[in-house]
Amino acid sequence: ETGVTQSPTHLIKTRGQQVTLRCSSQSGHNTVSWYQQALGQGPQFIFQYYREEENGRGNFPPRFSGLQFPNYSSELNVNALELDDSALYLCASSLSIAEGNNEQFFGPGTRLTVL
Amino acid sequence: LAKTTQPISMDSYEGQEVNITCSHNNIATNDYITWYQQFPSQGPRFIIQGYKTKVTNEVASLFIPADRKSSTLSLPRVSLSDTAVYYCLVGDGGGSYIPTFGRGTSLIVHP
């Protein structure tokens, strides 16, 4: 069974650029969530995708967008990058959306640096 | 209004039992309590989840009092490798669930 993988591992961009981060969910998982984690802070929920539809969104502007594909892999896109977007971006997959099912499996993250 | 409150940091020594308490005064009837562990530059890892009373697995125990307004994660006989940040979350896991991690508790285990 393959765990959650993310690419790239590290990325450096400049202000105003756009970035796409990728995530492959754990086998059999149809739900993917994305988080942003700044240094010294807990992960902040960006949004969740369930069967290719956005299912929930945290307090992030529209320039943060995403996709989920039929194989349940996912992308996070960030437009017009700002310095404060520098963070570790985490992807997590879960078996399904169901009451009582809070167990998520996280990938290793993508470290984004915006200069 | 924060959903959970945890101590910012704790220190312990190898071989001791560590108890980390989380307050969640506004927990809803359908909410579960979930704990994660995170090492530096890694994604969080699920430790344990419970609804009421006591839950135990191979790595930890979770104690939940009858009013469910708090919970305690218990790590038996910690080792240096248990040094990490521990997060407490509450939620129902359903379609409207938005996981809220907070800042967590930084546990340092000393030799």
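1. Cys23(A) and Cys91(A) are joined by a disulfide, S to S 1.8 Å. (A disulfide is a pair of cysteine sulfur atoms within 2.5 Å.) The torsion about this S-S bond is about -60°, so the disulfide is left-handed. It links distant parts of the chain, 68 residues apart: Cys23(A) lies in strand β3 (residues 19-24) of chain A, and Cys91(A) in strand β9 (residues 87-94) of chain A. (Strands are DSSP runs of E, at least two residues, numbered from the N terminus.)

2. This is a predicted model; local features need pLDDT of at least 70, side-chain atom pairs count only at pLDDT 80 or more, and totals for chains, interfaces and linings use all residues. Residues are numbered from 1 along each chain as its sequence is written, chains are lettered from A in the order in which they are written, and side-chain values use heavy atoms, without hydrogens and water.

3. Are the two cysteines of chain A buried or exposed? Cys23(A) has 2% relative accessibility, so it counts as buried. Cys91(A) has 0% and also counts as buried. (Buried means under 20% relative accessible area, exposed over 50%, partly exposed in between, with a 1.4 Å probe and protein chains only.)

4. The whole structure holds 2 disulfides over all chains. Cys22(B) and Cys88(B) form a disulfide, with sulfur atoms 2.2 Å apart. Its S-S torsion is about -80°, so this disulfide is left-handed. Both Cys22(B) and Cys88(B) are buried.

5. In chain B, 5 strands form an open, mixed sheet in the order β1-β9-β8-β3-β4. (Two strands pair if DSSP finds at least two bridges between them.) The edge strands are β1 (9-13) and β4 (45-50) of chain B.

Note on methods. Helix = DSSP H or I, 4+ residues; strand = E, 2+ residues; numbered from the N terminus.
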